[in-house]
Amino acid sequence: MKRLVKILLVLFILLMLAFVIFRTPDTDAAEMRAKYGGEPSQFVELSDGLIVHLRDEGPKDAPAIVLLHGSSADLHTWEPWVEALRGDYRLIRYDQIGHGLTGPALDDNYGLEDYTNDINAVADQLGLKNFVLVGSSMAGWISINYALEHSDRLNGLVIVGGSGAPIEREEAGNLAYAIVSTPGVRELTKYITPRNLIEKSLKQSVSNQSVVTPAAVDRYWELLRYPGNREATLNRLGQPRETYSAEQIGGMAVPTLLMWGDEDRLVPLEMGHWYDSHLPNAQLVSYPGIGHLPMEEAPARSIADLREWLLTLPLSSETQG
């Protein structure tokens, strides 16, 4: 019995030492705002008191496009699109709750409706009456829900490798997702989040490895560790996954552009084909040799396809009176 106690004590000490050695603390909020929240960033308070980090660029009287990033990303993922489009469109992007410089939700709720409601709150705050909504990955799932509930506000919908289709996917191929999906182990990620884990996860998510720059890895790593974001991520990923049925989306008439990398291992192209088969007004474009982030991996091609599709829409630049 004494020997067992000694062994357990040694194990406990080793665990404590490992925790002290490998612990990665939260980043400093003020430092992160200075690094990632400079011009043209704004910090806008919504009606519920949440302060959202957003960027609103391009002519205010141009047709508006709202860009939503995916899981564990931030508004900077849209930089190539914004640089190319802000001369002709009003581009609005923001860090969703539990991400980037927006940080955790005030009520610690990260359900589908919470993210959907924030779209309305941001649009209302900026005086948008109608807009095109673009959602990547997790935000594709959110954007479809918004279109189902608020189709009257949308001129069009763009889904970039969006989740939510009732098709099995192998997230185990991504190291970070495998870790946060493992009970017990995932709790450690609130305190131990090594940079090389983030780098490996990003490399596994894309096919065009040129986008995995040291600066990009630093941004993902540092903003994940923005105060409250790691716990928010675990809260969000720990919730049951909801999917759409063919009946739910079969009546959605919003014009929809589906953009998919054909080597997407996180949200496979099969999901894009499922949406294309069941959405009544959809067009699917796929990108050979591209992974989960076409807007970053293939900016020129994806921008050209988006521009061509936008020209088919009866775009409105109206704002709320």
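R93 sits in strand 4, which spans residues 90–94, and in this predicted model the residue is buried, with a relative accessible area of 0%.

**Around R93**
- Beyond residues up to four places away in sequence, R93 touches H53, L54, R55, E57, L67, L75, H76, W78, E79 and V82.
- Is R93 buried or exposed? R93 counts as buried because its relative accessible area, 0%, falls under the 20% cut-off.

**Helix 9 and its neighbours**
- Helix 9 covers residues 214–224, and eight of its eleven residues are buried.
- Those buried residues are A216, V217, R219, Y220, W221, E222, L223 and L224.
- Which helices do the buried residues of helix 9 pack against? They meet helix 2 (29–36), helix 8 (195–205), helix 10 (229–237) and helix 13 (294–297).
- The axes of helix 2 and helix 9 come within 11 Å of each other and cross at roughly 145 degrees, and the crossing is left-handed.
- At this meeting point, helix 2 contributes M32, K35 and Y36, while helix 9 contributes D218, R219, E222 and L223.
- Sorted by class, the contact of helix 2 with helix 9 holds three nonpolar residues, four charged residues and no polar ones.
- An α-helix has 3.6 residues a turn, so residues three or four places apart point the same way.

- N235 belongs to helix 10, one of the helices against which the buried residues of helix 9 pack.
- Its side chain reaches the backbone oxygen of D108 at 3.2 Å.
- Leaving aside neighbours within four places in sequence, N235 is in contact with D108 and Y110.
- The C-alpha atoms of N235 and N109 are separated by 8.1 Å, although these residues are 126 residues apart along the chain.
- N235 is partly exposed, with a relative accessible area of 30%.

**Backbone details in the loops**
- A cis peptide bond joins E39 and P40, with omega at about 5 degrees.
- P40 is found in the loop between helix 2 and strand 1 (41–45).
- S72 has a positive phi of about 65 degrees although it is not a glycine; S72 lies in the loop between strand 3 (64–68) and helix 3 (79–85).
- S137, also not a glycine, has a positive phi of about 55 degrees; S137 is placed in the loop between strand 5 (131–136) and helix 5 (138–149).
- As for cover, S72 is partly exposed at a relative accessible area of 28%, whereas S137 counts as buried at 9% relative accessibility.

**The whole chain**
- The protein chain has 14 helices and eight strands.
- Of its 321 residues, 52% count as buried.
- Among contacts in the protein chain with a separation of 6 or more, 74% come from residues 24 or more positions apart.
- The accessible surface of the protein chain comes to about 14,300 Å², and 55% of that belongs to carbon and sulfur atoms.

Conventions
Residues are numbered from 1 along each chain as its sequence is written. This is a predicted model: local features need pLDDT of at least 70, side-chain atom pairs count only at pLDDT 80 or more; totals for chains, interfaces and linings use all residues. Side-chain values use heavy atoms; hydrogens and water are left out. Helices (H or I, at least four residues) and strands (E, at least two) are DSSP runs, numbered from the N terminus. Buried means under 20% relative accessible area, exposed over 50%, partly exposed in between (1.4 Å probe, protein chains only). Contact means heavy atoms within 4.5 Å. Axes are lines fitted to C-alpha atoms, for helices over the stretch in contact, and angles run from 0 to 180 degrees between N-to-C directions. A crossing is left-handed if the near helix is turned anticlockwise from the far one by less than a right angle, and right-handed if clockwise. Ala, Val, Leu, Ile, Met, Phe, Trp, Tyr, Cys and Pro count as nonpolar, Asp, Glu, Lys and Arg as charged, and the others, Gly among them, as polar. Accessible areas come from the Shrake-Rupley method with a 1.4 Å probe; for residues, only the protein chains shown count as cover. A polar contact is a pair of N or O atoms within 3.5 Å; within protein, one must be able to donate a hydrogen and the other to accept it, and residues adjacent in sequence count only if both atoms are side-chain atoms.
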